[in-house]
Amino acid sequence: MTLEPTYWTTVPAPLGPLLLTAGPDGALTSLSVPGQKGGRTVGAGWRRDPGPFRAAEEQLAAYLAGELKEFRLPVRTHGTAFRERVWAALDSVPYGATTTYGEIAARIGAPRAAVRAVGGAIGANPLLIVRPCHRVIGADGSLTGYAGGLDRKTWLLTREGALAHP
């Protein structure tokens with residue numbers, strides 16, 4: 001069995017350099033920030049090539065400048081069926097809005113008791129920013145965990161207008 005090569009590049013951003021990965025088909029497989037809990041780091045045998053990431057770079061720059069509200073990029077993730085359902089539910093949270101872990105559980109038809117499992121799936125989201133896990137907050141309105149750090153979550157939600165500028 002031959003493993004597919006992983007292509008990677010970094011993109012400068014106000015949140016720190018973003019590490020993007022893709023497979024040979026060009027579909028984005030991960031977006032990580034420096035120091036991210038569970039984030040990716042460049043692996044042995046990976047191929048640095050900015051070519052497959054041109055659209056992602058353009059869209060990320062426009063998003064971070066406040067000019068783009070919805071990403072239109074091919075993505076490919078590998079997770080359990082449960083995680084994939086949670087990640088797909090994240091895609092339906094609109095720009096500038098927030099939702100709760102309980103609301104995500106309800107969207108995927110999971111019982112209220114599954115909120116912790118939903119939180120674990122959200123924390124394992126491999127596509128920070130593109131798949132907007134930063135838009136999920138606590139039921140009491142608190143800015144709870146974010147694998148990229150609460151300072152970045154605050155920055156993203158402020159950029160989108162979901163939080164008032166400090």
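1. The model is a predicted one.

2. The protein has five helices and six strands. Their order along the sequence is β-β-β-β-α-α-β-α-α-β-α. With a radius of gyration of 16 Å, against the 15 Å that the globule rule gives for 166 residues, the protein is as compact as a globular protein of that length. The C-alpha trace spans about 45 × 40 × 25 Å along its principal axes.

3. Of the 166 residues, 45% are buried. The accessible surface is about 8,500 Å², and carbon and sulfur atoms contribute 55% of that area. Among contacts with a separation of 6 or more, 55% join residues 24 or more positions apart.

4. Helix 1 covers residues 54-64, and its buried residues are Ala56, Gln59, Leu60, Ala62, Tyr63 and Leu64. In an α-helix there are 3.6 residues a turn, so residues three or four places apart point the same way. Ala56, Gln59, Leu60 and Tyr63 are among the buried positions of helix 1.

5. What do the buried residues of helix 1 pack against? Their partners are strand 2 (18-22), strand 3 (28-32) and helix 5 (150-159).

6. After helix 1 comes Gly66, which has a positive phi, near 80°.

Note on methods
Residues are numbered from 1 along each chain as its sequence is written. This is a predicted model: local features need pLDDT of at least 70, side-chain atom pairs count only at pLDDT 80 or more; totals for chains, interfaces and linings use all residues. Side-chain values use heavy atoms; hydrogens and water are left out. Buried means under 20% relative accessible area, exposed over 50%, partly exposed in between (1.4 Å probe, protein chains only). Helices (H or I, at least four residues) and strands (E, at least two) are DSSP runs, numbered from the N terminus. Contact means heavy atoms within 4.5 Å. The radius of gyration is taken over C-alpha atoms; the globule rule is 2.2 Å times the number of residues to the power 0.38. Accessible areas come from the Shrake-Rupley method with a 1.4 Å probe; for residues, only the protein chains shown count as cover.
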